[in-house]
Amino acid sequence: MIETQKVVHRKLSILGYPLNEFFSLDSLKLKITKKNFTCQLHPGISIDIPKQIQKFYRKRFFLFKKFNEGIQLDEESWYSVIPEEMSIHIANKLKGCSPDSDVIDGFCGSGGLAIQLAKCFKTVICIDIDPIKINNITNNLQVYESIATVIQMNFLEYTHTNQDFILIMCPPWGGLNYSHQPYDLNSMKPSLEDLLTKGLQMTSKIVLQLPKNIDIQQLVSIFKDVTDKLRLELKPIEVEMMLINEQINQLIIYYGL
């Protein structure tokens, strides 16, 4: 009589890891989840933006439902802003995890995410070093009647007195030419290691917006190295794959939440 072994097939994510369950990777607890958003394209061109950005203009109402009510974007924001429905999802998720926390958006850009955070949290502080983006977010918050504190400065120089806050970091990835495989997380300026070293000295609740083609093992390694250096407990990580029309678009990383 031949004994048969039961084989359990685990559903794998696009990233090649189990989906919707915690597993261990280099002693860190990790979970991969996903969320899909539907984007409808709208015809039209704008003479105010470069040719290579026109494809994003067709997504303007996906980026901001109130786009025609006076939304302002610079060239970089067209391809880096988090779309409205995605921002609503993230803001609501964070509200469910830590409803009474302050929120600091360290690289707020033109405010796609900050607008929705301000509708969910009492205190939202938006930081960016770029005066153009500061002008954009100030305007765009008004369009949505959202209230937040806006500060122009280098996030790495920022200090916050209250440690019970969620830190969101959507750092620049290097323009449209970031899709080399895999994306090197230390090629960002500032590097992920520098950002986490700064952030984890301030709070244990961190959210990151990262490219879809990162090396998950590099991500885990950097978190381990920084927490070891700071002598902090290593906490579980959720990597949420954000899909647009069933195609992976970016990753949102939740740490300590």
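User: In this predicted model, are Tyr-17 and Phe-23 buried or exposed?
Analyst: A search of the whole structure finds nine aromatic pairs, and one of them joins Tyr-17 and Phe-23, whose rings are stacked at 5.6 Å centre to centre with 10° between the planes. As for accessibility, where under 20% relative accessible area is the cut-off, both Tyr-17 and Phe-23 are buried.

User: How do Phe-61 and Phe-67 pair, edge-to-face or stacked, and what does Phe-61 count as in terms of accessibility?
Analyst: The centres of Phe-61 and Phe-67 lie 6.1 Å apart with 85° between the planes, which makes the pair edge-to-face. Both residues belong to one aromatic cluster that also includes Tyr-57 and Trp-78. Phe-67 has 13% relative accessibility and therefore counts as buried, whereas Phe-61, at 24%, counts as partly exposed.

User: Which lysine lies over the face of Phe-121?
Analyst: Two lysines can be described in this way, and one of them, Lys-66, lies over the face of Tyr-144 at 5.1 Å from the ring centre. Over the face of Phe-121, at 5.4 Å from the ring centre, lies Lys-95.

User: Where is Pro-190 placed?
Analyst: The peptide bond that leads from Lys-189 into Pro-190 is cis, with omega near 0°. Pro-190 itself is found in the loop between strand S6 (165–169) and helix H7 (192–200).

User: What is the relative accessible area of Glu-145?
Analyst: Glu-145 lies in the loop between helix H6 (131–143) and strand S5 (149–152), and its phi is positive, near 55°, in a residue other than glycine. Glu-145 is exposed because its relative accessible area is 70%.

Methods
Residues are numbered from 1 along each chain as its sequence is written. This is a predicted model: local features need pLDDT of at least 70, side-chain atom pairs count only at pLDDT 80 or more; totals for chains, interfaces and linings use all residues. Side-chain values use heavy atoms; hydrogens and water are left out. Rings of Phe, Tyr and Trp (its six-membered ring) pair if their centres lie within 6.5 Å; planes under 30 degrees apart count as stacked, over 60 as edge-to-face and the rest as tilted. Buried means under 20% relative accessible area, exposed over 50%, partly exposed in between (1.4 Å probe, protein chains only). A charge sits over a ring if NZ of Lys or CZ of Arg is within 6 Å of the ring centre and within 35 degrees of the ring normal. Helices (H or I, at least four residues) and strands (E, at least two) are DSSP runs, numbered from the N terminus.
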